[in-house]
Amino acid sequence: MSATGRLGLFAFACLLLIPIVWQLVLAMPPFGAHPLPYADLINAAAPAERHVTNMVSAVNFDYRGIDTLGEETMLVCAVTGATVLLRGQRGEQLEAHPGQVENRPIPHRSEAMLLVGRLAAPLTVLFGAYVALHGMTTPGGGFQGGVIIASGLLLLFLAEDYRGWRRLMRSWLFDGLEGLGVALYALGGLAALPLGLPFLTNILPYGQPRNVFSGGLMIIENLAVALAVCGGFVVLLIEFLEETRVMSDGEQE
Amino acid sequence: MTPLIGLLLLLEAVAGTAVALSRKPRRQVLAMSVNGQVLALLFMALQAPDVAFSEIVVGAAVLPLMFLVMLASCRMDRASSGQDET
Amino acid sequence: MNLLPWIVVAWLMLAGLYGMITSGNIVHLIGCLSTVQSATYVLLLAAGYRHGAGAPIFYTHPPGTPAVDPVVQALVLTDIVIGGAVTALLLALALQLHKRRGSLKPDELRALHR
Amino acid sequence: MMLPLLPPLPVVMPLTIAALLLAFSHVLPRPVPDAVALFATVMAGGVCLAMLGPALHAPLVYWFGGWVPRHGFPIGIGFYVDPPSAAMGVFIAVLFTAALVFSWGYYDEVHAHFHVLMLLFLAGMIGFCLTHDLFDMFVWFEVISVAAYALTGYQLRVSALEGAINFTIVNSIGSYLFLAGIGLVYIRIGALDFSALEQGMRQATPDMVARGGFVLVATGLLIKAAQVPFHFWLSDAHAVAPSPVSVIFSGVMVALGMFGLAKLCWTVFLPAGELTQGVRHFLLGMGIVTVLLGGLMALSQRHLKRLLAFSTISHTGMLLIGLASFRPQGLAGLFVYLVGHGLVKGALFMISGILLATRGGIDELGLRGAGRPIWPAGLAMAAGGVLLAGLPFGLMGQGDDYISAPLRHSLGGIVPFAIVFGAACTAGAVLRAAGRIFLGLGPVAGEEERGPTDEEAEKADRPLWLMLWPAVILLLLSLIVPNGANAFLTGLVRDWLPPESANLTTGAPMLQKPPHDPAAWFGLPAALALAAFDLMRHRLPAWFVGMVDKMKNPLLRYLQAAHSGDVRDYVAWAAFGLATFAVVWNI
């Protein structure tokens, strides 16, 4: 189809859609003032039943915990897929080779940059850990914390040069972290089965509300998500950054 | 609260449209980052701090970074194969 | 005012699709997906909003105070992960394609195609 | 005694094993991932089989985390193992087992990544079948999709990458539409569990918002099920994925979209009274168009896997026809046809994989006569072609009967014609390819011989028998129709039917065994005629060949042009499809 043909088809579709969408908009329940039975049920039940204060985490890790397992699974699929695609025949055994950026002078690494990187990286990782840890009580949790930790590790890249960074960041380590995170999530859920209880039953003591260690099994699942997400995103970032260096002679795309 | 939400909704409509209409990939990355930040503000206003947090981390930081890395890689590739375009 | 969220959702969806259809570059096309996805975020969170209610986090205010819907927030969190994962995968695909074809413009790709 | 604990296992077990495989992939010796993946798949299938028997008496309901509904309102996520879902689980595991045997030892380069992806793919599929929650369904469908995107581009060839990008973009749009639909449904009903949704919708009077939600959810599923005009991505993706992956794609992944749509329609939207006559006719029409178009396109392909991909489109259209009749017979036909087609098409993709591996090509013209040394594969391919023709035996033939029986006279009697037409085209295409590749028939004049083909080959270090016997077993399985099939099908569909349709008092079977469709006998002769026309055209009188070409070529050229490989076209078509669907719904 030509560009005009395409646009014409789309315009025709819009012409059909817009009146319907408008009708739909008019029929929508009033914004901010319609019943939310599911939400009310959870908001009323979770603080008492699970001793956590962050309802979103309660939904994610307990009431609808299997969704999160599926979500981590999907993340593993995507990361594994991206790894396969990017690594290709690049091969891993060569990753210790120094990377050089082509057609561009290697940027001079100033002392300030090095200092900022070395200071900011651990701080960011620490912040990520804090966010992950407080998932049961305040906004945040394993997912957000995991991504922050991953980006903290990326900051190390600014401080170390490519070779040093790559020496620290071994793919197998983060593959392992990712896999173990998901496995931990699943095993945490399976732990209830020998007792004759359903998958993901929260069999651990719930702790005190507003305490970091409240929520029982949710703490484990939260940790598992943090590991999986951190591992997954680091692998992604490594593989993408690998792409910015040239292939050495022995390698083929 | 409501005027703020209305304002942010309009802002999001603009930011989202900007993402779709920024034809040059590198400008689009910038638009995406802005879009992520606007979304995060909107989510804060909609009382969803958890989601705002994720959106800031993923939508406004990590994903644009991946786009940038990808574009950088393409540029290197192009430079090495002698073609030139942006 | 009450209709604004839904109008914005519809607008974002159509704008994203329009961007994709008129796109001249696969990377741009992938970026447009994020506009479509923003529409779903806004729809879900607007669905769970409630006037005058606080965040569903009972840390400073006690349980029982009105709060917005935590379920949709959990759904959007999942959605964000999905979006990020799919985008990363798409970028990886596009990157490899660029290495092999030297172009990411659909017209050029198509010209070389059959 | 163990039974109540079983439902999560077919999902959680492969998933855990995959995660552990990934974690330890660096230290595992080569055959371990193969063996472990096969073991996990067989176990998952075994668990589904173990649940199927009890489910025929009463569905198993499983609430994750022990969150049983509170005052009748679901608070967590449930798995609902009804007979169709358990049976699907078994079927999926069978197909995966065959594919894994077929690919044994093939993927050893990149750690265990292939096996990790396949196991997650499997877990996602079974989760999608068993879940009873709309958003959970979405999550598992995303798992399936993302695994599929990754597997499509696995071989890093240009065509594979392009196919994977088109696949990912179109299906992502489908996902977002699905999600937006969930949002609309949630905003109106405030629940996500299927039963709660059904009740909520029944109470809400016919409502624009819930209906809009359904349109979006259904469109999302129709995109994944590759119905016209949402089908464009399929031929790009299935033609380029590694053969064992194509087996799964065509065998069950596309059909799963239809399975999900059928489940939602029958258990949620139909009882809630959301399906008007107009919508049913629209879906029926869409199915018919898909059957016809898939068949025509299959006939005009020379790339064998692309040919098979278009035939998958045609046969998935059959499933939609079965669904759109909204009769118990049609539903039963959908299941039977789904399984039969999956087995046959899986076998055919394996044979194309064998050709890739041993003959180093996939182009029908380029391979002319090259198949003679591996003639057993040719026999299997011909058998597969004959089965596609829809003769009234085997699972596909049975499914044919069930699907066409309730529709013999609707829409002016076009349905039986469309079914025969689609079957004849796809079977004719496969038989023609088999005749050309394995018998060396149908010489083609010079220029065309070296057609535009990708340099394709798959690794050839596996013995022929290892690759061939899974295909043969799948073909044999598709022939088995046990005596009590109708009673089994009655049990299978009973759970989805609205309570009022069950004849509980008399205990008589609700599902009538349909008479054989007499039209089905025309499928094979027509297929043979189509194949013969192409293979023998140099012997036929020139005026006849010229006349036929003049009739079909303009149409085919137009269709070929529409399948441009440009993802922007596909997006525009998808928008058009959504718009027409919405209009029909709104009337």
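## Exercises on chain D

The accessible surface of chain D comes to about 17,700 Å² (Shrake-Rupley method, 1.4 Å probe). Carbon and sulfur atoms hold 68% of that surface. This is a predicted model, where local features need pLDDT of at least 70, side-chain atom pairs count only at pLDDT 80 or more, and totals for chains, interfaces and linings use all residues. Residues are numbered from 1 along each chain, chains are lettered from A in the order in which they are written, and side-chain values use heavy atoms, without hydrogens and water.

**Exercise 1.** Find why the radius of gyration of chain D agrees with a compact globule.

*Solution.* Start with the rule: 2.2 Å times the number of residues to the power 0.38, with the radius taken over C-alpha atoms. For 587 residues, a compact globule would have a radius near 25 Å. Chain D has 23 Å, so the two agree. Next, take the extent: the C-alpha trace spans about 75 × 65 × 50 Å along its principal axes.

**Exercise 2.** State what share of chain D is buried.

*Solution.* Apply the cut-off: buried means under 20% relative accessible area (1.4 Å probe, protein chains only). Of the 587 residues, 70% qualify.

**Exercise 3.** Describe where chain A meets chain D.

*Solution.* Count contacts first (heavy atoms within 4.5 Å). They link 63 residues of chain A with 67 residues of chain D. Then take the buried area, the accessible area (1.4 Å probe) that two parts lose on being put together, summed over both. It is about 5,600 Å², with 76% from carbon and sulfur atoms. On the chain A side, A:Arg6, A:Tyr38 and A:Ile66 lose the most area to chain D, together 11% of what that side buries.

Note on methods. Buried means under 20% relative accessible area, exposed over 50%, partly exposed in between (1.4 Å probe, protein chains only).
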